[in-house]
Amino acid sequence: MLSFNISGIGKIELENAVFDLNGTIAVNGKIADKVKSKLNKLSENLNIYLLTADIYGTAEKLISDITLELVKISPVNEAQKKRDFILKIGKEKTIAIGNGANDALMLKEAKIGIAVIEKEGASQNAILNADLMVRNIDDALDLLLNPIRIASTLRQ
Ligand SMILES: [Mg+2]
């Protein structure tokens, strides 16, 4: 559980963090070591889910040394499937992180949505449906490891 207050919004109590894989956690098909270690640290406080259509068939290998649950979705109506997953695990206790057009609906539904630009860029829909935007996955994970920063940015 990760709990913190955002002035003007109220108490946030997160149990889940849902990430997109390609373009969000994986850059050029690789996950940086420091991203892996931050995810492992975050897994001490949150259930971490990685949603992917795994179009390159590399997901299992990529995440073999990270504590998280891999959730594969078929590459049809990905945006709706990602959103449905957020609804299933509870949107009020879930933060979502993604970059693509197919992440827009999960970013919108999650209690907090973070759009990541990284090297592939972020889709306009992802940005418009997110609560905040960061340059890269490293910054996104630092926000989750120091949630007071999220509260500072989102306070009204
Ligand atoms: Mg992506």
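## The sheet at a glance

Six strands build an open sheet, arranged in the order β5-β4-β3-β6-β7-β8, with parallel pairing. Because β5 (69-72) and β8 (132-134) stand at the edges with a single partner strand each, one side of each is left without a neighbour in the sheet. From one strand to the next, the twist averages 25°.

Helices (H or I, at least four residues) and strands (E, at least two) are DSSP runs, numbered from the N terminus. Two strands count as paired if DSSP finds at least two bridges between them. Strands of a sheet pair through backbone hydrogen bonds, either parallel or antiparallel.

## What you are looking at

This is a predicted model, where local features need pLDDT of at least 70, side-chain atom pairs count only at pLDDT 80 or more, and totals for chains, interfaces and linings use all residues. Residues are numbered from 1 along each chain as its sequence is written.

Let's start with β3 (residues 16-20), a mostly covered strand: five of its five residues are buried (a residue is buried if 20 or more other C-beta atoms, placed from the backbone, lie within 10 Å of its own, exposed if 12 or fewer, and partly exposed in between). N16, V18 and D20 point one way from β3, while A17 and F19 point the other way. In a regular strand the side chains alternate between the two faces of the sheet.

On one pairing, β3 meets β4 (residues 47-52) in the parallel sense over five bridges, and A17 has I48 as its bridge partner in β4.

## From β6 to β7, and a helix across

β6 and β7 (residues 112-116) are joined in the parallel sense over four bridges, and the bridge partner of G98 in β7 is A115. Helix α6 (residues 137-145) lies across β3, β6, β7 and β8, running at about 155° to β7. Angles run from 0 to 180 degrees between N-to-C directions, with axes fitted to C-alpha atoms, for helices over the stretch in contact (C-beta atoms, placed from the backbone, within 7 Å).

## A loop residue: G90

G90 lies in the loop between α3 (78-89) and β6 (94-98). Is G90 buried or partly exposed? G90 counts as partly exposed because it has 13 C-beta neighbours inside 10 Å.

Note on methods. Two residues are in contact if their C-beta atoms, placed from the backbone, lie within 7 Å.
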